[in-house]
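Morning, everyone. Please have a look at the structure on the screen.

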Amino acid sequence: MKVSFHGHSVVKVDTGNHRIIIDPYINGNEACDLNPSTEKADVILLTHAHNDHVGDTEEIAKNNDALVVAPTELANHLASKGLNTHPLHIGGSREFEFGKVQLTQAFHGSAYNEEDGSVVYGGMPAGILLTVNDKTIYHLGDTALFSDLKMYGELNDIDIAFIPIGDNFTMGPTDALLAAEWVNAKKVVPVHYNTFPPIVQDAEAWASKVKAGNAHVMQIGETITLSS
């Protein structure tokens, strides 16, 4: 299974049989190396409704007839736009053909700003535990530090965790160090930084402080292979 990073919180997973993209914020994300008009995806997973996470979901989903898995209110809103969606809620899990998805808590907000200026409530924000065969990916989404992250680390054998470090809108580097310790993943990757001025951070400096030496700053487009 191959996992790649594409700026901000955009993560792609290629299981060998399915192409999955998490939080496909491409247009407006200057660091992203993807093109929504040509991006191939079978599944889109969304953590919450903010525009910098929903991103180009509608275009990619319609171009590929992709399944969108998202928190219930957000899934229902996207279904009203003609997308093929599956709603989940916090703590709920579902076995799909491509793997198992469980939504975890995340302490943040969740609302989508439409082009006409209207604001759509997106339900509760979430993190995503994605398990394919015997490998588990934890995308924390946008969140503050909270102690149940330790519980998620204890209940799951996490191979790679994507942890926000940007501060201002999410936990910052100091709190993210504790989050990395608590989720106890074999590898942790910083995300949600350097996209906008308020979230500029030194990811390498953060990674150097992570205990157990399991932090890795992924470059844009870089791929990590999770071997069975």
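First, the ground rules. This is a predicted model, where local features need pLDDT of at least 70, side-chain atom pairs count only at pLDDT 80 or more, and totals for chains, interfaces and linings use all residues. Residues are numbered from 1 along each chain as its sequence is written, and side-chain values use heavy atoms, with hydrogens and water left out.

Now the cores. A nonpolar core is a set of buried Ala, Val, Leu, Ile, Met, Phe, Trp, Tyr and Cys residues joined through side-chain atoms within 4.5 Å. Buried means under 20% relative accessible area, with a 1.4 Å probe and protein chains only. The largest core has 28 residues, and Phe-98 is among those with the most contacts inside it. Strand 11, residues 126-132, gives the largest share, four residues. A second, separate core has 24 residues, including Met-171 and Val-183.

On to helix 5, residues 173-183. Helices are DSSP runs of H or I, at least four residues; strands are E runs, at least two; both are numbered from the N terminus. Ala-176, Ala-179, Ala-180, Trp-182 and Val-183 are buried there. They sit on the same side of helix 5, because they cover an arc of only 165 degrees around the axis, taken from the directions from the axis to the C-beta atoms. Just after helix 5, Asn-184 has a positive phi of about 55 degrees.

Last, Ile-158. Where is Ile-158? In the loop between helix 4 and strand 13. Ile-158 counts as buried because its relative accessibility is 0%. Its contacts, heavy atoms within 4.5 Å, include Val-183 and Asn-184, leaving aside neighbours within four places in sequence.

Conventions. Buried < 20%, exposed > 50% of the residue type's maximum accessible area, 1.4 Å probe, protein only.
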